[in-house]
Amino acid sequence: MTSPIESLFDASLVAAQQPNWPDRTKLESAAKELRALPPLVFAGECDNLKAKVAQAARGEAFWLQGGDCAETFVGATADSIRNRIKTILQMAAVLQYGASMPVIKVGRMAGQFAKPRSNDIEKRGDVSLPAYRGDAVNDLKFTEQARTPDPSRLVKVYNTSSATLNLVRAFTQGGFADLRLVHEWNKGFVKDSNAGAKYEALAKEIGRALDFMRSAGINPEEFKTVDFYSSHEALILEYEKALTRIDSRTGLPYDVSAHFIWIGERTRQLDGAHIDFAKKVKNPIGVKLGPKTTIDETLKLMEVLNPDEEPGRLTFITRMGAKNIRAVLPPLVDAVKKSGRSVLWVCDPMHGNTYESPTGFKTRSFDEVLDEVKGFFEVHLAKGTHPGGIHIELTGDDVTECVGGAAEISHDDLATRYETACDPRLNHTQSLELAFLVAEMLRDNK
Ligand code: PEP
Ligand code: MN
């Protein structure tokens, strides 16, 4: 039986990148269980975030979104969650200073458990099994049982997201996120790591600004707590639909699995089920745009997803690759400008820069990541549009998944601590380095 929410969505449309669930009855019973559970976020919080996106789209705020490529159930530990939040807060403090603007802090967290894959099947030697599609679907272990999609995992996604969000809220509201404490961590990074030394001057400037405010007796509430939002790719439509609720204030549907959801590069077909889903929920939403994106698609996405031109509704997350960004982004920015519509432009410098190292690891180079951000800034500066934010795959731990950075991680070093379940992430140090470098770009562009 279709629920009233299900009937909002067009069931005849093709949904790309869905698992081959072997047991539809089990899938329906997982969806039923999810439909009865309380929301993970409130619609009012989604609206608050939308207002902030609108502010960023006007050039008055900067967006920072970061976290794992793929969250895992075993990775949802207190230490790992704390380290990720800490890294994002540290980055945000530096970016805020560089931009002299509020930074909107968004985790790829508390729901980022499902992955699109280029191939349905993974082959190792003579054995072919379904590809790993994230903990929401199956297990990374290469056995038939582990790789068989299991719908009960969707309920575990909800529970793990709920526990993660609980800790996120505790950390960001309970004093842990105080701007002065975050600055102390940044001072530690500058003092204790080779990577940090280069940024001593900027860290000192921030310290002096904080000292100045302290000396003036300024101790605002805003320093003590932060707004931190959750986000993930809306990929498994059974999950997202089951967590779509009618908001009692407005009578409108919201996907209450996260504050912000985005549609990936592989599922953004204009006539597909993902865009139909995104069109019908009222959250602020994002769409990834890869190097082959056409002007026509870009314009249609804006018309379809934001017909009423609601401020803050739509974010374009470009992931062009360092080599392409300077050529591919300008015509798209021109077309959007000419249309008179407003979007927030965010740079994902990760997904266009993935390659396989000679040592056999999926990796990215810090320099290319940085170069894509630079290209993004150059284009927006030349066009008079706002380079509105960055979207980063990162972890708070000292992994070795991306090469380069001041610690000069090499292809041979990748094996030391390569832990990601999917794409390579910047580690804690590389993330902070990137934040300092982007802060310098923001400051120089003012
Ligand atoms: C991702 O963000 O992990 C991802 C798969 O991105 P894209 O859709 O841009 O490839
Ligand atoms: Mn990824």
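This is a predicted model: local features need pLDDT of at least 70, side-chain atom pairs count only at pLDDT 80 or more; totals for chains, interfaces and linings use all residues.
Which residues surround ligand 1?

Figure 1. Ligand 1 is surrounded by Cys69, Pro116, Glu233, Gly264, Glu265, Arg266, Lys288, Arg319, His351 and Asp423. Sorted by class, this shell holds 6 charged, 2 polar and 2 nonpolar residues.

**Figure 2. Confidence along the chain.** Mean pLDDT for the chain is 96. A value of 70 or more is reached by 100% of its residues. Confidence is highest in strand β10 (residues 314-318), with a mean of 99. Helix α7 (residues 194-197) is where confidence is lowest, at a mean of 86.

Figure 3. Helix α6 spans residues 179-192, 14 residues in total. From first C-alpha to last it reaches 20 Å, close to the 20 Å expected at 1.5 Å a residue. Leu179, Val182, His183, Asn186, Phe189 and Val190 are its buried residues. Residues three or four places apart point the same way because an α-helix has 3.6 residues a turn. The cover over the buried residues of α6 includes α3 (78-99), α7, α8 (200-215) and α14 (428-444).

**Figure 4. Ser100, a loop residue with positive phi.** Ser100 lies in the loop between α3 and β2 (103-107). Its phi is near 50°, a positive value in a residue other than glycine. Ser100 has 10 other C-beta atoms within 10 Å, so it counts as exposed.

**Figure 5. Glu408, in the loop between β14 (389-393) and α14.** Phi of Glu408 is near 50°, positive although the residue is not glycine. With 11 other C-beta atoms within 10 Å, Glu408 is exposed.

Methods. Residues are numbered from 1 along each chain as its sequence is written. Chains are lettered from A and ligands numbered from 1 in the order in which they are written. A residue is near a molecule or strand if its C-beta atom, placed from the backbone, lies within 6 Å of it. Ala, Val, Leu, Ile, Met, Phe, Trp, Tyr, Cys and Pro count as nonpolar, Asp, Glu, Lys and Arg as charged, and the others, Gly among them, as polar. pLDDT is the predictor's confidence in each residue, from 0 to 100. Helices (H or I, at least four residues) and strands (E, at least two) are DSSP runs, numbered from the N terminus. The expected span of a helix is 1.5 Å times one less than its number of residues. A residue is buried if 20 or more other C-beta atoms lie within 10 Å of its own, exposed if 12 or fewer, and partly exposed in between; C-beta atoms are placed from the backbone. Two residues are in contact if their C-beta atoms, placed from the backbone, lie within 7 Å.
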